[in-house]
Amino acid sequence: MSSAMSTANGLMVVTKIVPLEDQCDIPMTNVISESKMLAMQYEKVPEMTRLFQKGYPMQLGIVQIFLGMMAVVIGVLGLLSSEFLGEVPLCLGIFVMISGSISAAANKGRHVCLIKGTLAMNIISSLLALAAIGYFCWELAKQLHDECIKPEESGHYNFEYWNCEGSVNGYKNVVNGMKGLLLVMAVFEFCVSTTISVFSVKAIRQHSFDQLVGDGSGAAFNSTVPLLMEEDLTAPASP
């Protein structure tokens, strides 16, 4: 084995020349075998799985579970405060957590049943998120009632009225903040559910196509030309 040295742009380049008879120093067979194994593993992954995993179902499923937990907590607070319908975020949160759990469970993309379940639950979550967006937009546009008694209607001092106004305004800010947070979460959930649904549809379509090709139904498209040629050959010659 010989070596050669050269310099270029302030760098030293060392080149080693290994004869074909001396292959002990560089295990080229291991490199080739590892590359073949990686290529075989990549080929073994079905196209349906690749398409489904492009949508990152595990990561987005965890995001859905987190959003659902937050929606359930705020829904319970809404039931206690009775300022808005707590059933809306509570129902949305439960469906979102179920959708996230199914999406995370179907991360491997090997079973088409799980992918179909992911698609169904995310479509329901998207529709619920749209309904929640409309509801919370209407709630934010609605003004809360002011229950403080004005000074001219009561015999107390003015500072009691302003203390009441300050407390009511703080309460309004908290309630409106919760509504705004739920609105943002509903928009985010709609985007996440739509993304998972799109890649689920692509994976299911690919699975259907693979079944058609595997059953031989897709071969009819490629056999049209030979069939026509056979018909032309078997047809009687015209006089």
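Leaving out neighbours within four places in sequence, Ile-133 is in contact (heavy atoms within 4.5 Å) with Leu-183, Ala-186, Val-187 and Phe-190. The model is predicted, so that local features need pLDDT of at least 70 and side-chain atom pairs count only at pLDDT 80 or more, whereas totals for chains, interfaces and linings use all residues. Residues are numbered from 1 along each chain as its sequence is written, and side-chain values use heavy atoms, with hydrogens and water left out.

- Ile-133 belongs to helix H5, which covers residues 112-141; helices (H or I, at least four residues) and strands (E, at least two) are DSSP runs, numbered from the N terminus.
- With a relative accessible area of 18%, Ile-133 is buried, a term that means under 20% relative accessible area, with exposed meaning over 50% and partly exposed in between (1.4 Å probe, protein chains only).
- Between the C-alpha atoms of Ile-133 and Ala-186 there is a separation of 5.9 Å, although the two residues are 53 residues apart along the chain.

**The cavity**
- The structure holds one cavity of 30 Å³ or more; on a 1 Å grid over the protein atoms alone, a cavity is a set of points where a 1.4 Å probe fits but cannot get out, and lining residues have an atom within 4 Å of a point.
- The largest cavity contains about 60 Å³ of space, a volume being the space filled by probe spheres set on the points, which are joined across faces, edges and corners.
- Residues lining the largest cavity include Leu-67, Gly-68, Leu-92, Val-96, Met-185, Ala-186 and Glu-189.
- Helices H3 (57-81), H4 (87-105) and H6 (158-215) each supply at least two residues of this lining, and H6 gives the most, with four residues.
- The lining has seven nonpolar, two polar and one charged residues, where Ala, Val, Leu, Ile, Met, Phe, Trp, Tyr, Cys and Pro count as nonpolar, Asp, Glu, Lys and Arg as charged, and the others, Gly among them, as polar.

**Helix H3**
- H3 has 25 residues and reaches 35 Å from its first C-alpha to its last, close to the 36 Å expected at 1.5 Å times one less than its number of residues.
- Among the buried residues of H3 are Leu-60, Gln-64, Leu-67, Gly-68, Ala-71 and Gly-75.
- Just after H3, Ser-82 takes a positive phi of about 60 degrees.

**The protein as a whole**
- The protein has eight helices and two strands, and its pattern along the sequence is β-β-α-α-α-α-α-α-α-α.
- Of the 239 residues in the protein, 27% are buried.

Technical notes: 1 Å grid on protein atoms, 1.4 Å probe; cavity = no way out; pocket = protein on both sides within 12 Å on 5 of 7 lines; lining within 4 Å.
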